[in-house]
Amino acid sequence: MKADTKLFSPIKIRGVTIPNRIVVSPLCMYSANDGVATDWQFAHLSTFARGKTGLIFAEATAVEARGRITPRCLGIWTDEQAEALIPITSFIEQMGCVPGFQLAHAGRKAGTKTPWKGGTPLDEEDIKAGNGPWDIIGPSDLPVADGWVIPKAMDDKDIEDVVKAFSNAAKRAVKVGFKVIEIHSAHGYLLQSFLSPLANKRNDKYGGDIYGRMRFLLEVVDAIREVIPEDMPLFCRISAVDGFENGWEIGDSVILSKELGEHGVDVVDCSAGGISGAPLFRVNQSGQPMKTNMDRGPGFQVPYAEQIKKESGIKTMAVGVIVDPNQAEQILQDEKADLIAIGRELMYNPFWSLHAAQALKADPDFDMWPDQYKWGVNRRGKLADFKGVRDEIIDEKMVVSHLSEVYKQK
Ligand SMILES: Cc1cc2nc3c(=O)[nH]c(=O)nc-3n(C[C@H](O)[C@H](O)[C@H](O)COP(=O)(O)O)c2cc1C
């Protein structure tokens, strides 16, 4: 019997119906050439589409060249970059999933090595190899940390140019088939660095109190809303808290989320952290997580999604160490969020959604699977039923162990 679940119920936002509540959280792949997607991006994102993940976000994509985190990050400031994404959007749609696109600018965290090379600012060697020097901009002339490039504090013209870059990028993304746009205003990158009092020390209209610090992001939201179709959902990823004393707090996020809703954002994607020197998940030299006042256990950011949803009335997406189908289902049942974004667990198991549907008994006959796999996978399950215990099979591990018994008995 097919179980009714929230995780596998569709959600309609504006004109777009997402077939289930599972979302591929944007994941930088550091595999583009001059901002142009390679076969890697196709292989990476199309796997989640074969795995029937409802909404599939491509990685943070820079709206201008200096907005890339690393020289290998994806970009969308040229038509060539945009057109390289067409096979990806087309395949995701063929699989019945929704292609989403995250627009980003790394700001004062731009111009670094890839994480597996330390994630630190580009050095002389990189510059000799043709990567850099990088033009670093930010709200104030405050570097991310000691040893990082001091950014140029943006003037009004710089701000106007970046707003324009976001709106041009959104137009291109729509043109090549993305159906949901997300603005990346989290993790210490440009837009969030304007929000946080730890990075924004300006005393003009883009600084000062929370309303001044929100201005740049809201201008970007307005510019994007103006160029994307009325029926296209707009998401905004925020860092709900900085996780440092005197930083951005959850109450600020509630205020911001109300404003975002009024400016045409449909979903607030509730992440956290990143304003300090290191990229997300950086560990110190002894392998310990960076010291912030943030716990990073299972579902650690869900309370932010819950509070923002309850207090600002906007839809939220929960993210962060959501790994178990029952955990995901419970978050939705408890109305703590409307969507569940998953990052690392989907890299570990790109068919997480299909397996979660099995675990929750939402897809007992493998109907969710692509036709090309359905027939074979269904028979695989039946083969495991050699003792008539199919109904007792509660997860895939049992199928595997039954199958290995079948083979042993041969
Ligand atoms: C390899 C990697 C790349 C990431 N790239 C992005 C990105 O492009 N944009 C973004 O907003 N977050 C990025 N993140 C954060 C994830 O989207 C996600 O929020 C985070 O991994 C927490 O979710 P998880 O516990 O399910 O992995 C990245 C994380 C990882 C591990």
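This is a predicted model: local features need pLDDT of at least 70, side-chain atom pairs count only at pLDDT 80 or more; totals for chains, interfaces and linings use all residues.
Local features need pLDDT of at least 70 and side-chain atom pairs count only at pLDDT 80 or more, whereas totals for chains, interfaces and linings use all residues. Residues are numbered from 1 along each chain as its sequence is written, and side-chain values use heavy atoms, with hydrogens and water left out.

An oxygen atom of the ligand also lies 2.6 Å from a polar side-chain atom of Arg344. For Gly343, a backbone N or O atom is found 2.8 Å from an oxygen atom of the ligand. The ligand taken alone exposes 610 Å², of which the protein buries 88%; accessible areas come from the Shrake-Rupley method with a 1.4 Å probe, and for residues only the protein chains shown count as cover. The ligand is surrounded by 17 residues, the closest being Ser25, Pro26, Cys28, Val321 and Arg344 (a residue is near a molecule or strand if one of its heavy atoms lies within 4 Å of it). This shell comprises nine nonpolar, six polar and two charged residues; Ala, Val, Leu, Ile, Met, Phe, Trp, Tyr, Cys and Pro count as nonpolar, Asp, Glu, Lys and Arg as charged, and the others, Gly among them, as polar.

His184 is also one of the residues of strand 8. Helices (H or I, at least four residues) and strands (E, at least two) are DSSP runs, numbered from the N terminus. Strand 8 spans residues 180–185, and because six of its six residues are buried, it is largely enclosed by the rest of the structure; buried means under 20% relative accessible area, exposed over 50%, and partly exposed in between (1.4 Å probe, protein chains only). Val180, Glu182 and His184 are on one side of the strand, and Ile181, Ile183 and Ser185 are on the other.

Strand 8 pairs with strand 5 in the parallel sense over four bridges, pairing requiring that DSSP finds at least two bridges between two strands. Val180 of strand 8 is the bridge partner of Gly100. Strand 9 (residues 234–239) runs parallel to strand 8, and five bridges join the two. Leu234 in strand 9 is the bridge partner of Ile181.

Within strand 8, Glu182 has a relative accessibility of 0% and therefore counts as buried. Its side chain forms a polar contact of 3.0 Å with that of Gln102. His187, in the loop between strand 8 and helix 6 (190–195), has a phi near 60°, a positive value in a residue other than glycine. This residue is buried, His187 having a relative accessible area of 8%. Glu335 likewise is not a glycine and has a positive phi of about 55°, but Glu335 is partly exposed, with a relative accessible area of 47%. A cis peptide bond, with omega about 5°, joins Gly132 and Pro133.

How values were computed
A polar contact is a pair of N or O atoms within 3.5 Å; within protein, one must be able to donate a hydrogen and the other to accept it, and residues adjacent in sequence count only if both atoms are side-chain atoms.
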